[in-house]
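I opened my notebook to look up a few things in this structure, one topic at a time. Come along and check each entry against the picture.

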Amino acid sequence: MSKVVEVTDQTFEEEVLNSDVPTEVDFWAPWCGPCVMVSPIYDKLSEEYTNFKFCKINVDENAETARKYQIQSIPMQMFFADGKKVDELLGAVPEHVIKSKVDEVLQKFPTDERGRLKVILSSWITANKQYNDKFGRWTQKARELKSDPVYDSLQKAAGELEEANERLLQLLNEL
């Protein structure tokens, strides 16, 4: 019994973009031989993955969504997470390729709270490090501002942020 959800122009936003879990959408048509060939793969994977949603949309009957995502060749599989397209596969690809892509998307967009926290912390730490590095380079060039009390406060706050970033990195490693 397949758990693949058939979506339409009217249900695409609700089923795909507003999904709580990463989602694959198979853009297909009944006259497309390769589409028919890969359909059983998605049926099988929809049974195997409980933390991933598989959908399909008939491009002939749902031209608005096909146009929005510029579908020119089928089968086209698009992967969505957090309301955005994050990847795609074109053509009738083997099951192991599809599974690899699903696993890759799940790694980037985990569905469990611990995994989500790891992704958020990793992004936060990376961004803070980049900004701290930029701020450090700026301070090297702006030494003449040392007498400005705001500059001193900024230096202190940047140091505190760097310490907080190190602590977050430690906690991330403990997760």
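**Before I start.** The model is predicted, so local features need pLDDT of at least 70 and side-chain atom pairs count only at pLDDT 80 or more, while totals for chains, interfaces and linings use all residues. Residues are numbered from 1 along each chain as its sequence is written, and side-chain values use heavy atoms, with hydrogens and water left out.

Entry: Grid points are joined across faces, edges and corners, and a volume is the space filled by probe spheres set on the points. I found one cavity of 30 Å³ or more in the whole structure, and the largest cavity holds about 40 Å³. I listed its lining as V4, E24, D26, S39, Y42, D43, C55 and K56. Two or more residues each come from β2 (23-28), α2 (33-48) and β3 (53-58); helices (H or I, at least four residues) and strands (E, at least two) are DSSP runs, numbered from the N terminus. Helix α2 gives the largest share, three residues. By class, I noted three nonpolar, one polar and four charged residues in this lining.

**Entry: the cysteines.** How many disulfides does the structure hold? I found one, taking a disulfide as a pair of cysteine sulfur atoms within 2.5 Å. C32 and C35 form it, with their sulfur atoms 2.4 Å apart. The torsion about their S-S bond is about 75 degrees, so the disulfide is right-handed. C55, a lining residue of the largest cavity, is in no disulfide, and the nearest cysteine sulfur, that of C35, is 16 Å away. Next I checked burial (buried is under 20% relative accessible area, exposed over 50%, partly exposed in between, with a 1.4 Å probe and protein chains only). C32 counts as buried at 5%, C35 is buried at 2%, and C55 is buried at 1%.

**Entry: the sheet.** I traced five strands in an open sheet with mixed pairing, in the order β1-β3-β2-β4-β5; two strands pair if DSSP finds at least two bridges between them. The edge strands, β1 (5-6) and β5, each pair on one side only. Strand β4 (76-81) pairs with β5 (84-90) in the antiparallel sense over six bridges. Which residues of β5 are the bridge partners of Q77 and F80? I wrote down L89 for Q77 and K85 for F80. The β4-β5 hairpin has two residues between its strands, and D82 there takes a positive phi near 50 degrees.

**Entry: T65.** I found T65 in helix α3 (63-68). Is T65 buried or exposed? With a relative accessible area of 6%, T65 is buried. Its side chain meets that of D9 in a polar contact of 2.6 Å (a pair of N or O atoms within 3.5 Å; within protein, one must be able to donate a hydrogen and the other to accept it, and residues adjacent in sequence count only if both atoms are side-chain atoms).

Conventions:
1 Å grid on protein atoms, 1.4 Å probe; cavity = no way out; pocket = protein on both sides within 12 Å on 5 of 7 lines; lining within 4 Å. Nonpolar A, V, L, I, M, F, W, Y, C, P; charged D, E, K, R; others polar.
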